[in-house]
Amino acid sequence: MNQTPTINQQFWDNLFTQGTMPWDAKTTPQELKAYLENALSSGQSVFIPGCGAAYEVVHFVDHGHDVIAMDYSSEAVNLAKTMLGQHQDKVVLGDVFNADFTHSFDVIYERAFLAALPRDRWGEYFTMVDKLLPSRGFLIGYFVIDDDYRSRFPPFCLRSGELSQHFEPTFTLIESSPVTNSVDVFKGKEYWMVWQKK
């Protein structure tokens, strides 16, 4: 019988080293591009937790935002730095739950980080979001929701209504739409959302 894996730095380092990255769309998603074009005014401070290859960093920078992307997998950070070239200083190695930020962020961008976290760590995620976002700040990105999905391996899926239970009444849901071009591992489960802190 397969044992439940230990989801830690080594687990993720191994996947990046092997190139086993089924969550990796290898591009900046369309919904984010549209949001940056049409909705987010420039000059925002942006945090990308669990950034992986961090393709999106360039699009945030190109739209005038100040970005910090963080991952605790050194292999992920190395990959991101290779991909980002002149913007590689935007990616740092670290544990997002213990990072010592001296300021809050206007925007937190979520992409496959919550789904990579075992559910028993989700409390830390929601505490981090609440701590790092000021009033009127935004949590934007992609959330994986499936009431029937059960696995000892990522993705760890939210249940219907679970985000609202965590966020309301502190946050308001501004946008929500199903994603139509997800990678296979998220297909039919992925939603683009914009939450604003009150």
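Biologist: To what count do the aromatic pairs come by your rule?
Modeller: Ground rules first: this is a predicted model, where local features need pLDDT of at least 70, side-chain atom pairs count only at pLDDT 80 or more, and totals for chains, interfaces and linings use all residues. Residues are numbered from 1 along each chain as its sequence is written, and side-chain values use heavy atoms, leaving out hydrogens and water. Rings of Phe, Tyr and Trp (its six-membered ring) pair if their centres lie within 6.5 Å; planes under 30 degrees apart are stacked, over 60 edge-to-face, and the rest tilted. By that rule, the number of aromatic pairs is 13.

Biologist: What kind of aromatic pair do Phe113 and Tyr125 form?
Modeller: A pair of aromatic rings is described by the distance of the centres and the angle of the planes. For Phe113 and Tyr125 that is 6.0 Å centre to centre and 50 degrees between the planes, so under the cut-offs the pair is tilted.

Biologist: How many residues apart are Phe113 and Tyr125?
Modeller: Helices (DSSP H or I runs, at least four residues) and strands (E runs, at least two) are numbered from the N terminus. Phe113 is in the loop between strand 4 and helix 5 (122–132), while Tyr125 is in helix 5.

Biologist: Are Phe113 and Tyr125 buried or exposed?
Modeller: I go by relative accessible area: under 20% is buried, over 50% exposed, in between partly exposed (1.4 Å probe, protein chains only). On that scale, both Phe113 and Tyr125 are buried.

Biologist: What kind of pair do Phe126 and Phe167 make?
Modeller: The ring centres of Phe126 and Phe167 are 5.2 Å apart, with 80 degrees between the planes. That pair, too, links distant parts of the chain, from helix 5 to helix 6 (residues 162–167), 41 residues apart. Phe126 is buried because its relative accessibility is 9%, and Phe167 is buried at 2%. As for the kind of pair, Phe126 and Phe167 are edge-to-face.

Biologist: In what order do the strands of the open sheet come?
Modeller: Strands of a sheet pair through backbone hydrogen bonds, either parallel or antiparallel. I call two strands paired if DSSP finds at least two bridges between them. This open sheet holds 7 strands with mixed pairing, and the order is 3-2-1-4-5-7-6.

Biologist: Which helix do you cross between strand 1 and strand 2?
Modeller: Strand 1 (residues 45–49) pairs with strand 2 (residues 66–71) in the parallel sense over 5 bridges, and Val46 sits opposite Val67. The β-α-β crossover between them is right-handed, meaning that, with the strands pointing away from the viewer, the path from the first strand over the helix to the second runs clockwise. The element crossed on the way, residues 56–62, is helix 3.

Biologist: At what distance does the side chain of Asp71 reach the backbone nitrogen of Gly52?
Modeller: Asp71 is in strand 2 and is buried, since its relative accessibility is 8%; Gly52 sits in the loop between strand 1 and helix 3. Contacts (heavy atoms within 4.5 Å) of Asp71 include Gly50, Cys51 and Gly52, not counting residues up to four places away in sequence. A polar atom of the Asp71 side chain lies 3.3 Å from the backbone nitrogen of Cys51. For the backbone nitrogen of Gly52, the distance is 2.9 Å.

Biologist: Which residue's side chain does Ser182 join through a polar contact of 2.6 Å?
Modeller: Ser182 is in the loop between strand 6 (171–178) and strand 7 (190–197), and it counts as buried because its relative accessibility is 6%. A polar contact is a pair of N or O atoms within 3.5 Å; within protein, one must be able to donate a hydrogen and the other to accept it, and residues adjacent in sequence count only if both atoms are side-chain atoms. The partner here is Glu190.
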